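Open your viewer and keep the sequence panel beside it. Select each stop as it is named, then look before moving on.

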Amino acid sequence: MKELDPLLHSQLRLAVMSVLMNVEEADFVYLKEKTESTAGNLSVQLDKLSATGYISVEKGFVGKKTRTVCRITITGRKAFEDYVDALRDYIGR
């Protein structure tokens with residue numbers, strides 16, 4: 001049986017990856033709303049996903065406001081698909 005990726009096994013990281021699998025990009029505010037997380041917790045989890053290369057994070061400005069945009073990488077997409085396949089193995093599908 002395939003092993004579940006411990007990085008994706010976290011509820012919030014899995015939620016972030018699930019959102020990013022279905023959009024071209026998502027900004028921090030959108031991810032915070034969709035995952036119903038706190039800003040601090042989301043920031044920590046985005047750093048972990050970025051450090052492994054599962055997502056790219058681009059920080060910039062819109063006017064005078066900061067904007068953080070996240071995108072899933074090819075590596076992240078593959079890791080997510082492998083995770084889903086491993087889950088299917090566990091549930092027998």
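The tour goes from the sheet to a helix, then to charged pairs and one aspartate.

**Before you start**

This is a predicted model, in which local features need pLDDT of at least 70, side-chain atom pairs count only at pLDDT 80 or more, and totals for chains, interfaces and linings use all residues. Residues are numbered from 1 along each chain as its sequence is written, and side-chain values use heavy atoms, with hydrogens and water left out.

**Stop 1: the sheet**

Select β1 (residues 26-27) and β3 (residues 65-72). Helices (H or I, at least four residues) and strands (E, at least two) are DSSP runs, numbered from the N terminus. The three strands form an open sheet in the order β1-β3-β2, with antiparallel pairing. The edge strands are β1 and β2, each pairing on one side only. Two strands pair if DSSP finds at least two bridges between them.

Two bridges join β1 to β3.

Now pick single residues. Cys 70 in β3 is the bridge partner of Val 57. Cys 70 is also the bridge partner of Ala 26. Asp 27 stands opposite Val 69 in β3.

Move to the hairpin of β2 and β3. Two residues lie between its strands, and Gly 63 there takes a positive phi near 65°.

**Stop 2: helix α1**

Select α1 (11-21). Which of its residues are buried? They are Leu 12, Arg 13, Val 16, Met 17, Val 19, Leu 20 and Met 21. Buried means under 20% relative accessible area, exposed over 50%, and partly exposed in between (1.4 Å probe, protein chains only).

Next, show what covers these residues. The cover includes β1, α2 (28-35), α3 (39-51), β2, β3 and α4 (74-91).

**Stop 3: salt bridges**

A search of the whole structure finds five salt bridges. A salt bridge is a side-chain nitrogen of Lys or Arg within 4 Å of a carboxyl oxygen of Asp or Glu.

Go back to the sheet and select Arg 71 and Glu 58. Their side chains meet in a salt bridge (3.4 Å, N to O). Arg 71 lies in β3 and Glu 58 in β2, so the pair ties together parts 13 residues apart in sequence. Arg 71 is partly exposed at 25% relative accessible area, and Glu 58 is partly exposed at 47%.

Now turn to α4. The side chains of Lys 78 and Asp 82 meet in a salt bridge (2.9 Å, N to O). They are four residues apart in the helix, separated by about one helical turn. Arg 88 and Asp 85 form another salt bridge (3.4 Å, N to O). That pair is three residues apart in α4.

**Stop 4: Asp 5**

Finish in the segment before α1, where Asp 5 is found. Asp 5 is buried yet has no salt bridge. Where is the nearest side chain of opposite charge? It belongs to Arg 13, 7.5 Å away. For charge, Lys and Arg count as positive and Asp and Glu as negative; His and the chain ends are not counted.

The side chain of Asp 5 reaches the backbone nitrogen of Leu 7 at 2.9 Å. Leaving aside neighbours within four places in sequence, Asp 5 is in contact (heavy atoms within 4.5 Å) with Tyr 54, Ala 79 and Tyr 83.

Note on methods. Polar contact = N/O pair within 3.5 Å; in protein donor to acceptor, adjacent residues only side chain to side chain.
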